[in-house]
Amino acid sequence: MIKIEVYDPSGFSESMEPSYYAPRLPDLKGKTIGEISNGEHGGWEIDRTFPLIRQLLKKRFSNIKIIPYTEFPSGVKGIDVDNIGDIVAASGCDAVIGGNAG
Amino acid sequence: MARIEKKGIPTFSITRKGFKSAVSFGFQAMGLGLDVPQHEYPLEMFLPGSDLTPLEQSIDDIINGLTKWKPGTEGRIRCVPTKVAIEGNDYLETITRLNNTFLKNKWGDGLPILPATEGQVRWILTGTDSPKDIILGKIPPAGRVATIESLAVSLAMTGGRPEYLPILVATVKVFLNPLFGAVTLQTTTSSVYPVVIVNGPIGRQIRLNSGYGCLGPDPAHPAGAIIGRALRLIQQNIGGAIPGSGTMAIYGGPARFTNIVFAEDERGLPAGWEILSAERGFSSVDNIVTLYSAATTSNVNAARSSTEKVLLETLNRFARIMAGNYGNIFGDFNDNSAPGIVLMPRGIVQGLASLGWSKERVKAYLWENSKVPYEVIKSDSVVFATGQEILKSYVKEGEAWPLASEPKNIMIVVAGGEQSGHGYWLRYGPGPKTPISAEIQLPKNWATLLKEAEEDLDTAQINRKEP
């Protein structure tokens with residue numbers, strides 16, 4: 001019988017820091033929701049999916065405010081990942097919905 | 001989205017089927033958990049005129065994602081891989097079981113791997129003076145951590161030797177440079193792969209191919225394939241670039257087994273032609289790695305330089321191929337972006353030089369003649385839409401679009417042996433905004449390692465035969 005011991009090649013992981021996640025909102029009433037389009041060329045039906053989500057949210061929460069994706073940088077190339085958090089925060093968004101590239 | 005979460009703003013991701021893992025890996029790489037506020041929708045929903053009912057039906061998920069959602073795991077977890085024990089009745093059965101186990105765990109690539117035992121890894125680690133637990137960074141998209149030791153493990157799996165480790169370490173350091181754009185390279189739907197070009201004495205010392213068949217395979221010069229395959233396994237096993245989850249490359253391809261790792265044929269450059277690393281600001285005697293990424297290769301036929309007429313026909317053929325498949329070049333265009341690598345063997349560049357062509361003049365000619373006519377680019381609406389804002393800073397309305405901001409950004413690398421007849425075009429693939437070069441650090445025992453390699457592989461005999 002031959003026995004060998006080999007390394008697991010997957011490296012080690014260091015993650016799972018739930019405190020990094022933002023606290024969720026108690027409700028969406030009166031809140032401002034931003035839309036971020038992370039797809040190139042405005043594709044993946046972003047011009048249909050976001051308006052539908054907008055409509056559904058407004059039906060549910062009459063005083064909700066939506067900042068449409070056209071107001072923010074878009075696409076993998078257009079979004080400066082180092083600054084997007086600051087841009088969204090400066091816009092006054094309470095929450096963000098992103099799609100549809102990935 | 002992870003960056004927005006870190007600003008204290010809750011997010012929810014609309015995810016296409018197949019991208020759920022990639023999105024999760026992206027969050028994990030930012031130090032959050034794999035459990036991500038997202039909903040995966042069928043791919044058909046993202047096609048023109050699609051049925052959006054799934055979106056309508058999931059509106060509660062979206063609302064809950066912003067209000068009630070909680071990550072599934074609490075507390076910080078550091079997961080260190082353990083060793084895997086493999087048993088068999090004989091050597092062949094043990095190795096077969098090892099390979100089967102690795103494939104079951106998605107740690108292999110389908111080609112046979114060798115056992116990365118403690119002894120083998122320790123031997124490969126003699127190729128560096130750095131402690132084995134030095135952290136090089138998190139390989140995207142999974143964001144697991146690469147150390148010097150984990151690089152040695154991958155190199156052991158691909159049949160590597162200690163003298164290959166310095167190039168792999170330098171390469172991974174560049175790969176993790178944020179300017180290199182490894183997240184895009186790793187996850188894109190483009191079938192892109194890293195290209196590693198080595199300059200300096202180390203190329204010949206470790207038998208990295210710069211001549212015939214320099215892109216591999218070559219039993220007399222196995223280093224490039226072995227180092228490149230180790231890099232690929234790092235991308236896959238540590239970075240999580242598994243087809244259909246971590247990497248969405250639609251086709252993959254043979255170059256993604258070993259990537260492309262080769263040396264420039266520095267002895268083949270004519271007088272006055274600088275090697276790549278010297279052009280990029282390094283001393284011509286330093287050991288330098290230059291990392292780039294390619295998605296397409298084209299063989300340029302009938303490439304010769306015997307007369308001025310033939311030479312111009314050859315350069316025009318190169319230029320037409322370069323301009324004909326501009327792909328993502330304009331979307332990632334900037335002052336330093338390079339559209340690709342022109343590979344020419346000695347036989348062509350020696351002829352060019354003897355007819356009075358400097359490297360700069362060849363670059364200028366290719367740059368000018370590979371411009372994409374405005375009417376062509378204008379009619380290509382998707383590429384035009386992506387590039388027009390960027391190219392505004394470089395060309396006037398109505399002008400042809402150049403593949404690079406200036407001629408010097410077209411990389412010309414001499415490799416492929418002494419003949420003429422064919423050249424090669426390695427076209428840019430999404431990822432790096434610019435090629436990046438770095439110095440390769442050699443260990444103090446370098447001479448000893450080379451002596452051992454000479455004894456193991458009779459490398460002196462191979463080197464004597466080379467021009």
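A residue counts as buried if 20 or more other C-beta atoms lie within 10 Å of its own, as exposed if 12 or fewer do, and as partly exposed in between, with C-beta atoms placed from the backbone. By that count Ala302(B) is exposed, because it has 12 other C-beta atoms within 10 Å.

What I am showing is a predicted model, in which local features need pLDDT of at least 70, side-chain atom pairs count only at pLDDT 80 or more, and totals for chains, interfaces and linings use all residues. Residues are numbered from 1 along each chain as its sequence is written, and chains are lettered from A, ligands numbered from 1, in the order in which they are written.

I will start with the chains. Chain A has three helices and five strands, in the order β-β-β-α-β-α-α-β along the sequence. Helices (H or I, at least four residues) and strands (E, at least two) are DSSP runs, numbered from the N terminus. Of the 102 residues in chain A, 39% are buried.

Chain B holds 20 helices and 13 strands. Its radius of gyration, taken over C-alpha atoms, is 24 Å, close to the 23 Å of the globule rule for 467 residues, so chain B is as compact as a globular protein of that length; the rule is 2.2 Å times the number of residues to the power 0.38. The C-alpha trace of chain B spans about 75 × 65 × 35 Å along its principal axes. Buried residues make up 51% of the 467 in chain B.

Next, one helix. How many of the 10 residues of α7(B) are buried? Nine are, and the helix is mostly covered. The cover over those buried residues includes β1 (2-7) of chain A, and from chain B α6 (118-124), β6 (144-147), α8 (165-175) and α11. Contact here requires that the C-beta atoms of two residues, placed from the backbone, lie within 7 Å.

Two packed helices are described by the angle between their axes and the distance between the axes. Helix α7 (residues 148-157) and helix α11 (residues 223-238), both of chain B, pack at about 120° with axes 9 Å apart. Axes are lines fitted to C-alpha atoms, for helices over the stretch in contact, and angles run from 0 to 180 degrees between N-to-C directions. α7(B) and α11(B) are therefore oblique to each other; under 35 degrees is roughly parallel, over 145 roughly antiparallel, 65 to 115 roughly perpendicular, and the rest oblique. On the α7(B) side, the residues that meet α11(B) include Leu151(B) and Leu155(B); on the α11(B) side, they include Leu233(B) and Ile234(B). After α7(B) comes Gly159(B), with a positive phi near 80°.

Last, some backbone details. Most residues other than glycine have a negative phi, and most peptide bonds are trans. Where are the cis bonds? One joins Pro140(B) and Pro141(B), with omega about 0°, and Pro141(B) sits in the loop between β5 (135-139) and β6 of chain B. Another runs from Gly216(B) to Pro217(B), with omega near 0°; Pro217(B) lies in the loop between α10 (202-205) and α11 of chain B.

That loop also holds Arg207(B), whose phi is positive, near 65°. Arg207(B) is buried, with 22 other C-beta atoms within 10 Å.
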